[in-house]
Amino acid sequence: MPSRMPVVHRFTAMTVPCEVQLFGSSKSSQLAQMIEHNTRRLEKKYNFYSDQSWLTCELNQRSDNRVQLDDESLVVFQALKNIVVGTQGVFDPTVGSIKWLLRNNHQLSRAEAYQLAKPMMGVSAWEIIGSELLFAHPQTRIDLGGVIKEFAIDQAINIAQNLGAKAALINFGGDIRAFGMKPNNEAFNVAVVNPANPSEAFFSLPLANAALTTSAHYERQTKFSDGKTSHILAEQGTHTNVLSVTVVAPTALEAGAISTALTIDPLLSIPSEAGVIFIDDQLKIHQDTEFLTQ
């Protein structure tokens with residue numbers, strides 16, 4: 001009889017601590033290893049910062065404006081295009097163009113970088129036709145940093161479901177998805193950190209058969225010659241009254257894209273199946289955007 005206690009497997013990938021909790025399968029240890037292997041495979045394939053990744057070699061160092069996509073990459077980019085369109089272009093993977101410019105010229109100011117990158121970026125910078133990715137500008141660079149971790153979480157849940165787990169909790173650096181319920185029929189309890197002190201929990205939520213992600217701009221930064229900005233890159237910047245955005249949605253990919261987009265434009269309309277919690281610059285919690293108009 002499977003144990004009521006989870007098999008817990010931890011590793012580090014995609015620059016974050018990863019934890020897999022699996023319930024109800026006699027093969028949970030093997031499943032956890034499969035999840036780790038798949039996560040590392042995705043990291044290796046789609047790493048913007050690796051000179052050997054598929055993303056760098058085949059896409060960002062392409063020789064013309066067309067890239068043939070394998071079946072998995074076609075799924076990734078079709079999902080990505082839906083996210084970009086759904087967020088009205090606020091979530092924009094072509095910010096990789098900014099990172100590429102900065103890597104090649106550390107002296108660029110923020111305004112200079114965005115001016116140079118303007119023709120390389122935006123919804124119209126790339127499209128999918130059949131199984132090909134087409135680019136309007138030869139120097140457009142794609143960064144999947146806001147996508148692949150969440151894609152890996154969703155794949156981890158698929159592996160757990162398809163190979164016999166009764167329940168699972170996948171937590172990659174605070175981006176989380178739960179499948180099923182704990183053996184006592186309770187939902188998983190998931191904590192969201194305090195933006196003013198990320199080492200402590202600020203509030204918690206029950207989570208079952210859904211994903212939760214939090215996007216914030218108080219830790220990592222991007223450096224321009226004239227100063228630093230949030231690592232969440234957008235020409236208009238992140239909203240000054242919003243410290244973090246937590247989104248609950250059916251998949252980690254959807255939740256992650258929405259939470260990132262809302263840090264830039266918190267008034268953006270979101271799908272009805274998604275829920276959102278804002279923490280403002282006064283450390284107050286909000287479930288709507290009225291605080292932005294007061």
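Colleague: At roughly what angle do the axes of helix α1 (residues 28-46) and α6 cross?

Modeller: This is a predicted model: local features need pLDDT of at least 70, side-chain atom pairs count only at pLDDT 80 or more, and totals for chains, interfaces and linings use all residues. Residues are numbered from 1 along each chain as its sequence is written, and side-chain values use heavy atoms, with hydrogens and water left out. Helices are DSSP runs (H or I, at least four residues), numbered from the N terminus, and axes are lines fitted to C-alpha atoms over the stretch in contact, with angles from 0 to 180 degrees between N-to-C directions. The α1 and α6 axes come within 10 Å, and they cross at roughly 155°.

Colleague: Are α1 and α6 roughly parallel or roughly antiparallel?

Modeller: Angles under 35 degrees count as roughly parallel, over 145 as roughly antiparallel, 65 to 115 as roughly perpendicular and the rest as oblique. The crossing is at roughly 155°. Therefore α1 and α6 are roughly antiparallel.

Colleague: How many nonpolar residues are in the contact of α1 with α6?

Modeller: Contact means heavy atoms within 4.5 Å. Among the residues that meet are Leu31, Met34, Ile35 and Leu42 in α1 and Ile148, Phe151 and Ile159 in α6. Ala, Val, Leu, Ile, Met, Phe, Trp, Tyr, Cys and Pro count as nonpolar, Asp, Glu, Lys and Arg as charged, and the others, Gly among them, as polar. The contact has 1 charged residue, 3 polar and, as nonpolar, 10.

Colleague: Which residues of α7 make the contact with α6?

Modeller: The axes of α6 (residues 148-162) and α7 (residues 252-264) come within 7 Å and cross at roughly 155°. So these two helices are roughly antiparallel as well. From α6 come Glu150, Phe151, Ile153 and Asp154, and from α7 come Ala252, Leu253 and Gly256.

Colleague: How do α4 and α5 lie relative to each other, roughly perpendicular or oblique?

Modeller: The axes of α4 (residues 96-104) and α5 (residues 110-117) come within 9 Å and cross at roughly 120°. Ser97, Ile98 and Leu101 of α4 make the contact with Ala113, Tyr114, Leu116 and Ala117 of α5. By class, that is 6 nonpolar, 1 polar and no charged residues. At this angle α4 and α5 are therefore oblique.

Colleague: What is the volume of the second largest pocket?

Modeller: On a 1 Å grid over the protein atoms alone, a pocket is an open set of points where a 1.4 Å probe fits, with protein on both sides within 12 Å along at least five of seven lines; lining residues have an atom within 4 Å of a point. This pocket is lined by 14 residues, with Gly89, Asp92, Met121, Glu235 and Gln236 nearest its centre. The lining divides into 7 nonpolar, 4 polar and 3 charged. Volume is the space filled by probe spheres set on the points, joined across faces, edges and corners, and here it is about 250 Å³.

Colleague: What separates the C-alpha atoms of Leu292 and Asp280?

Modeller: Leu292 is found in the segment after β15 (285-286). Leaving aside neighbours within four places in sequence, Leu292 is in contact with His239, Asn241, Val242, Pro266 and Leu267. Asp280 is 12 residues away along the chain, and the C-alpha separation is 9.1 Å.
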